[in-house]
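Trainee: I've got a model open on my screen. Can we walk through it together?

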Amino acid sequence: MSGFSTARLKMVDGQVRTNDVTDRRVLDAMLTVPREAFVPAARQALAYLDLDLDVSEGPAKRFLIKPQLTGKLLQSAEIGEGDSVLVVGCATGYLAALAAKLARQVTATECDSALAAKARDAFASQGLANVTCKAASCSEGDPSAAPYDVIILNGAAEVMPEALLGQLKEGGRLVGVSAESRPPRAMIATRTHGEFGHRTLFDATAPVLPGLERAAAFVF
């Protein structure tokens with residue numbers, strides 16, 4: 001067993017299972033998809049640590065969210081094999097690759113076009129044919145492939161992502177971390193008869209996605 005394989009097993013056993021992730025499909029995906037393939041070579045030794053991992057290439061900070069939060073969000077989303085999924089702010093694509101193991105089709109967006117290209121390369125290297133990545137603002141989503149059964153935020157939102165909610169199918173759900181108030185919490189929003197119901201899942205923190213920040217208050 002390689003060092004990365006051992007680290008992956010320890011990540012799932014020590015960080016993910018211990019945080020109430022019991023969904024066998026999610027655990028299998030996390031045991032199968034090599035997180036190090038989505039991390040710059042200089043930082044691959046950090047790939048399986050319990051942290052939000054900076055994968056930025058440019059001045060804007062972009063992250064893969066913590067493994068345990070990744071697993072809990074995927075489990076909460078209850079992705080079915082026939083589902084169409086949107087992953088918002090995918091960075092280098094790790095969360096989108098996991099979703100691709102669970103869903104029929106995954107669309108990912110990333111505001112940094114260089115990282116979006118890295119995500120596409122990583123998907124190709126892993127032989128994942130049912131996931132695409134587009135360079136787009138986190139607040140926009142991807143209307144061209146909407147509506148979606150599931151939308152997952154690879155990070156937190158300080159504002160209600162109205163445009164994303166509008167891209168959900170009837171019965172569709174959006175999961176992510178809401179940092180609109182303190183403490184931040186993982187939330188699920190479900191579309192039913194054109195209305196949106198919101199439910200708190202668990203306390204969680206994650207880096208705020210670009211484009212989903214709270215507007216700076218005007219101070220006299």
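This is a predicted model: local features need pLDDT of at least 70, side-chain atom pairs count only at pLDDT 80 or more; totals for chains, interfaces and linings use all residues.

Trainee: Where is the place of Arg214?

Mentor: Arg214 is partly exposed, with a relative accessible area of 42%; buried means under 20%, exposed over 50% and partly exposed in between (1.4 Å probe, protein chains only). As for its place, look at the segment after β9.

Trainee: Which parts does the pair of Phe4 and Tyr48 tie together?

Mentor: Rings of Phe, Tyr and Trp (its six-membered ring) pair if their centres lie within 6.5 Å; planes under 30 degrees apart count as stacked, over 60 as edge-to-face and the rest as tilted. Phe4 and Tyr48 are tilted, at 6.4 Å centre to centre and 50° between the planes. Tyr48 counts as buried at 7% relative accessibility, whereas Phe4 is partly exposed at 30%. The two residues are 44 apart in sequence, so their pair ties together helix α1 (residues 3-16) and the loop between α2 (24-32) and β1 (53-54).

Trainee: Which element gives the largest share of the lining of the largest pocket?

Mentor: On a 1 Å grid over the protein atoms alone, a pocket is an open set of points where a 1.4 Å probe fits, with protein on both sides within 12 Å along at least five of seven lines; lining residues have an atom within 4 Å of a point. Here 15 residues line the largest pocket, and Met160, Pro161, Leu174, Ser178 and Met187 lie nearest its centre. The elements giving two or more residues to that lining are β6 (148-157), β7 (168-178) and β8 (185-192). The largest share, four residues, comes from β7.

Trainee: Which residue takes a positive phi in the hairpin of β8 and β9?

Mentor: Two strands pair if DSSP finds at least two bridges between them. Eight bridges join β8 to β9 (residues 195-203), and the two run antiparallel. Thr190 stands opposite Gly197 in β9. The hairpin has two residues between the strands, and the positive phi, near 50°, belongs to His193.

Key:
Residues are numbered from 1 along each chain as its sequence is written. Side-chain values use heavy atoms; hydrogens and water are left out.
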